[in-house]
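Good morning, and thank you for coming. Please look at the sequence and the structure while I speak.

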Amino acid sequence: MVEVIDLVKDYRSTDGAVVHAVDGISFEVAPGEIVGLLGANGAGKTTTLRVLATLLKPTSGIARVDGCDVTKDPVGVRQRLGYVSATTGVPDRLTPREIFTSFGRLHGLDHASAVNRVEYLLDVLDLLSCADRPAGRLSSGQRQRVSLGRALVHDPPALVLDEPTNALDVLGARDLLSMIGQLRAEGHAVLISTHRLHEIEQRCNRFVIIHMGRIVASGTRDELVGEKGELEDAFFDAVSGESR
């Protein structure tokens, strides 16, 4: 469902040097699977996710969502992908119902389909009680659920989530991750990036650890952890081993 092959994204620094933000990485996410993309700040995680979301053009390599190439068919990718970014704000003046409806229409849903989809999302995301309240008056957890609903309004087969629990407390993060688990059960492919490893250690099918733009380890939790005991230990071992 999500396919990345030898992906490269370069930037040019102020002194003219080429910076390899993403340096030839490859991985995939299958339907009904959650894959965790792990790495420190500056490792290349967000750049990778933005390429998949068609917000950045790759320097080279291939990135596809449900067979659609991010460079050759960006519109097709957007139709098949839901993207949640830690930095994408929810409009304060609009209500959850208005936000979901407008995004549904932008994705080509007719009026009746949009209404049905909006009501469904308000229900499953526990937003009915605040459906007509301006988003600026919602809690951080409610706003994050609105952000997730906005990404789901066109029922995409794949989801890319960048630090989705970043602004949430323990209960809010648990609820959101439970919803993501339900989406996996429904057959969605989910790629999630987070620094809070303890939240996803038991929730992801596989993990990809990226450091300085390169994949330094990948596999299931058991394959990565081995005798180390915790995913965090395996993460530090992978990153520090690459740094030496």
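Predicted model: local features only at pLDDT ≥ 70, side-chain atom pairs only at ≥ 80, totals over all residues.

In helix H1, the buried residues are Lys45, Thr47, Thr48, Leu49, Val51 and Leu52. Buried means under 20% relative accessible area, exposed means over 50%, and partly exposed lies in between, with a 1.4 Å probe and protein chains only. Helix H1 covers residues 45-52 and is mostly covered, with 6 of its 8 residues buried. Helices (H or I, at least four residues) and strands (E, at least two) are DSSP runs, numbered from the N terminus. After H1 comes Thr54, which has a positive phi near 65°.

Residues are numbered from 1 along each chain as its sequence is written, and side-chain values use heavy atoms, leaving out hydrogens and water.

Let us turn to the strands. Strand S1 (residues 2-12) pairs with strand S2 (residues 18-29) in the antiparallel sense, over 9 bridges; two strands pair if DSSP finds at least two bridges between them. Within this pair, Glu3 is opposite Glu28 of S2. The two strands make a hairpin with 5 residues between them, and Gly16 in the turn has a positive phi of about 95°. S1 is also joined by 5 bridges to strand S4 (residues 60-65), and these run antiparallel. Here Val2 stands opposite Val65 of S4.

Finally, consider Asp233, in helix H9 (residues 231-243). Asp233 counts as partly exposed because its relative accessibility is 31%.
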